[in-house]
Amino acid sequence: MNLPLRSMDIGEVALLFSALRGNGDWIVLVVEPGADVHSIADEFAEETEMLAGFSVRRISEMHDASILSTLVGAEKGALVISGLDAWESSEWAHLDHLRSRLARHERTALVMEEKTFQRIMQEAPNFSSWLGANVVQCKKVLPILTAEERERRLVALREWSGLSDSDVITRAEAQVLPSDPEYAEWLVLLRRGDLLNG
Amino acid sequence: MRDDHSFWEWTIRPGEGHTAAVRNRREIWREFMGCFEPSSDPRDAVQRGFYVPRPGRTLAEQLAARFEVKPSASHLLVGGVGSGKTTQLLVAQERLKAHGDVAVAYVDVSLHLDPNQVRPTGFVAAIGLELGKTILDAKRSDLTAERMASLGNFLDPEAPPWANDPLDEFLGYLKDFIQELAPGTTDRILFIDSLDRMSDVIRFSDLVNVAIPKCRAIGIGIVLVGPLTALYGIHRTVLDRFDRVWHLSSVDVDDGVGGRQFLRSVLDKRDKTGLLLPESSERLVALSGGVMRDLIALTQSAGGEAYLDDAEQIELRHVEIAADQFGRKQLFAIDSEQLSVLQRVRKSGTFVQTSEKDLALLATRRVLEYTDGKPRFAVHPTIEPLLAQIAGEP
């Protein structure tokens, strides 16, 4: 039996991922049953890039543990990896033995089905110790805020920054809005997500 | 909220723009979480000054003292995942180096081969590759390069098998490499890491029975990090091959205040910006169960919660959320048989390792063994409330 993992939406996980310093941090996103792993991983990578302002390398096919260990050792930037769900249990055991080769100075996210994470917990105790509590069930669809919740969050953002909604929009249009994730969230709440890429 | 410097660093000060404050806030949390990385190289932690000696005489000190008396001794070091074995090796290495006249090297064999597939000759080849690399990094040596190619070829899974076992030839390389690295020294000690990942205890036993006497014969002392499972079952006779077996258990947080103080000082050393409230530190220490890596991981995760919560410091509720998340992960993939064992340990503190599955509970830190004070077993504190919930207890 498995207790449900903590459920978070993609934006929240991306915010957390971007707030890590990234020196070898690993995180696992377990998708909900029936969800498409690759599209969740794509969305997570895009969301992270948007919030964090650094680029993310997306890898969607990974044949075995040896290739993965070689690749993560050689890659310098942040990685979001899917395509691990076909691995047999023995492959995860092999990855566990090679754990030292996975050491890197950037952050790495693995996106997978629940049965795959179950294999990690059964076969890879050394690797899973690196994850700490960074394992979440990932919701694809952002929860729809009620009008009241939305307004409460906007009030908090206004108080926090000392700016008004129109100040934020003006600065975004002038492309002088800081790239901090709170401003991205603010624009989305104002339904001006179109300004995010400006 | 504390009225101190750390708070004011990200709060908007009169006359200061909001952007600087926002950036400060994220940078401060990033910096904090960067000091609590469960997967960071223990060498980085030692170099960054995060090392805090355990209470009493540390394992590193004891190892160093014993090698001073008997340099060709062999020691086995076992402990659960994340208990701090590598850190102890690195600190012991530094202590021995400081004494001079001793050649000491740290080798992670898993960088060259799969620890679960290791045999004596491959083991010696992996050590040789690591030592040879150090020589080549320092100066050009054609002979070393040639020998390195030979060692590499032996470990290449694609290469054809060798007609004769080159174990003795490789041991000769090893002896020469050490001589070249530390001429004039008579004491040679190798710290061999990562063999704790061997799940095949028979293979581990075969390795030790051949490799340890061979290394001893050429005057090399060894500390081997081996599997915790070697302590139990019929193959524990392999322990007789070692002069001493060291079991690095979890720090007992319930046995007096020494353990708790030590773990709190680990947090204090890393929390440079004062984001941890005292009660949060205390709770993190208790929830870690005395496992060093879990303490680090839980603290980082609590920091993440506080950041997402727009909080200015880590409060108890952030710690509890992190612990719940950690515990759910730890209980993942547990079968009904293991669940029964965990419930028994939780209720009675009794644990008898009779099967591989039982040992897996120890190795994965779902069951913790304390040996520092009064020997005892307990379930990991983060899974305790979840187990009670599963058992339907209020």
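Guide: Start with the names of the helices and strands. A helix here is a DSSP run of H or I with at least four residues, a strand is a run of E with at least two, and both are numbered from the N terminus. Keep in mind that this is a predicted model.

Now the salt bridges. Over all chains, the count comes to 36. Begin inside a helix. Asp137(B) and Lys133(B) form a salt bridge, with their closest N and O atoms 3.5 Å apart. Why can these two residues be placed about one helical turn from each other? They are four residues apart in helix α6 of chain B (residues 120-138), so about one helical turn separates them. Asp137(B) is exposed, because its relative accessible area of 58% is over 50%. Lys133(B) has 43%, so this residue counts as partly exposed. Some salt bridges share partners. Glu151(A), Arg158(A) and Asp165(A) are joined into one network in this way.

Turn to another pair in chain A. Glu106(A) and Arg107(A) make a salt bridge, with 3.1 Å between the closest N and O atoms. Both residues of this pair are buried.

Next comes a bridge between chains. Arg6(A) pairs with Glu305(B), and their closest N and O atoms are 2.2 Å apart. Arg6(A) sits in the segment before β1 (7-9) of chain A, while Glu305(B) belongs to helix α12 of chain B. Arg6(A) comes to 22%, so Arg6(A) is partly exposed.

That pair leads to the whole contact. Two salt bridges are counted between chain B and chain A. There are also 20 residue pairs in polar contact, with both residues at pLDDT 80 or more.

The size of an interface is often given as the accessible area lost when the parts come together.

Go back to chain A for a strand. Strand β5 of chain A spans residues 108-112, and five of its five residues are buried. Look at where they point. Thr108(A), Leu110(A) and Met112(A) point one way, whereas Ala109(A) and Val111(A) point the other way. In a regular strand the side chains alternate between the two faces of the sheet.

Which strands pair with β5(A)? Strand β2 of chain A (residues 26-31) pairs with β5(A) in the parallel sense, over five bridges. Within that pairing, Ile27(A) has Ala109(A) as its bridge partner. Strand β4 of chain A (residues 78-81) also runs parallel to β5(A), and three bridges join them. Here Leu79(A) stands opposite Thr108(A).

Arg203(B) lies in helix α9 of chain B (residues 201-217). Its relative accessible area is 17%, so this arginine is buried. Not counting residues up to four places away in sequence, Arg203(B) touches Asn116(B), Gln117(B), Val118(B), Arg119(B) and Met198(B).

The other two sit in loops. Gln175(A) is not a glycine, yet its phi is positive, at about 60 degrees. This residue lies in the loop between α8 (165-173) and α9 (181-189) of chain A. Its relative accessibility is 57%, so Gln175(A) is exposed. Ala333(B) is not a glycine either, and has a positive phi of about 70 degrees. Its loop runs between α13 and α14 (336-348) of chain B. Ala333(B) is buried, because its relative accessible area of 10% is under 20%.

Key:
Residues are numbered from 1 along each chain as its sequence is written. Chains are lettered from A and ligands numbered from 1 in the order in which they are written. Side-chain values use heavy atoms; hydrogens and water are left out. A salt bridge is a side-chain nitrogen of Lys or Arg within 4 Å of a carboxyl oxygen of Asp or Glu. A polar contact is a pair of N or O atoms within 3.5 Å; within protein, one must be able to donate a hydrogen and the other to accept it, and residues adjacent in sequence count only if both atoms are side-chain atoms. Buried means under 20% relative accessible area, exposed over 50%, partly exposed in between (1.4 Å probe, protein chains only). Two strands pair if DSSP finds at least two bridges between them. Contact means heavy atoms within 4.5 Å.
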